[in-house]
Amino acid sequence: MMSSTVILILGLLPAALFVLWPLFSGDAAEIEPAPAEDPRAVFDRQKQAAYAAIKEAEFDRRTGKLSEDDHEALTARYRQQALEAIAALEKLSVVKGRRPAPEVIAVRFCPACGTKTAPGANFCGSCGTSVANARASA
Ligand SMILES: [Zn+2]
């Protein structure tokens with residue numbers, strides 16, 4: 001009596017697992033949090049996709065699948081997409097401070113008297129000390 005029950009359970013187990021497995025694996029996929037995507041990666045992908053589409057349109061034009069007009073219209077649209085992605089990427093890099101503003105690079109101070117020197121100047125406007133070395137090493 002006891003052994004037949006065990007055999008029955010063991011016999012049903014693989015079938016039960018087989019039926020229930022999609023539920024478990026489905027749950028696992030839903031519970032796992034989606035990785036927070038870097039917006040830069042999103043725009044980079046948009047840029048790459050636009051470039052690829054432009055190449056494809058060019059190929060289709062050469063093989064006669066696209067007329068000149070259609071090719072022109074498609075290319076203009078994809079080029080716009082690429083430009084938007086590039087603009088978004090540049091905006092992101094400015095916001096994140098990856099690219100220093102030009103005025104930060106240009107402004108220097110005289111090592112002798114501390115006067116702010118003119119952008120691109122080689123000598124201090126106040127005391128005449130050469131600031132070329134300071135510019136190069138800073
Ligand atoms: Zn000076």
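Which helix holds A52? The place of A52 is in helix α2, which covers residues 39-62. Keep in mind as you look around that this is a predicted model. Here is a short tour, starting with the whole protein and then visiting a helix and a loop.

**The whole protein**
- The secondary structure comes to five helices and two strands.
- Reading from the N terminus, the order of the elements is α-α-α-α-β-β-α.
- The protein has 138 residues, and 5% of them are buried.
- Take the contacts with a separation of 6 or more: residues 24 or more positions apart account for 32% of these.

**Helix α2 and A52**
- Helix α2 has 24 residues, so at 1.5 Å a residue it should span 34 Å. The C-alpha atoms at its ends are 35 Å apart, which agrees.
- A52 counts as exposed because it has 11 other C-beta atoms within 10 Å, and the cut-off for exposed is 12 or fewer.
- A52 and Y78 are 26 residues apart in sequence, while their C-alpha atoms are 9.1 Å apart in space.
- Just after α2 comes G64, with a positive phi of about 85°.

**The loop with G128**
- G128 is found in the loop between β2 (116-117) and α5 (132-137).
- G128 has 11 C-beta neighbours inside 10 Å, so this residue counts as exposed.
- Along the chain, G128 and C110 are 18 residues apart, and a distance of 9.0 Å separates their C-alpha atoms.

Notes. Residues are numbered from 1 along each chain as its sequence is written. This is a predicted model: local features need pLDDT of at least 70, side-chain atom pairs count only at pLDDT 80 or more; totals for chains, interfaces and linings use all residues. Helices (H or I, at least four residues) and strands (E, at least two) are DSSP runs, numbered from the N terminus. A residue is buried if 20 or more other C-beta atoms lie within 10 Å of its own, exposed if 12 or fewer, and partly exposed in between; C-beta atoms are placed from the backbone. Two residues are in contact if their C-beta atoms, placed from the backbone, lie within 7 Å. The expected span of a helix is 1.5 Å times one less than its number of residues.
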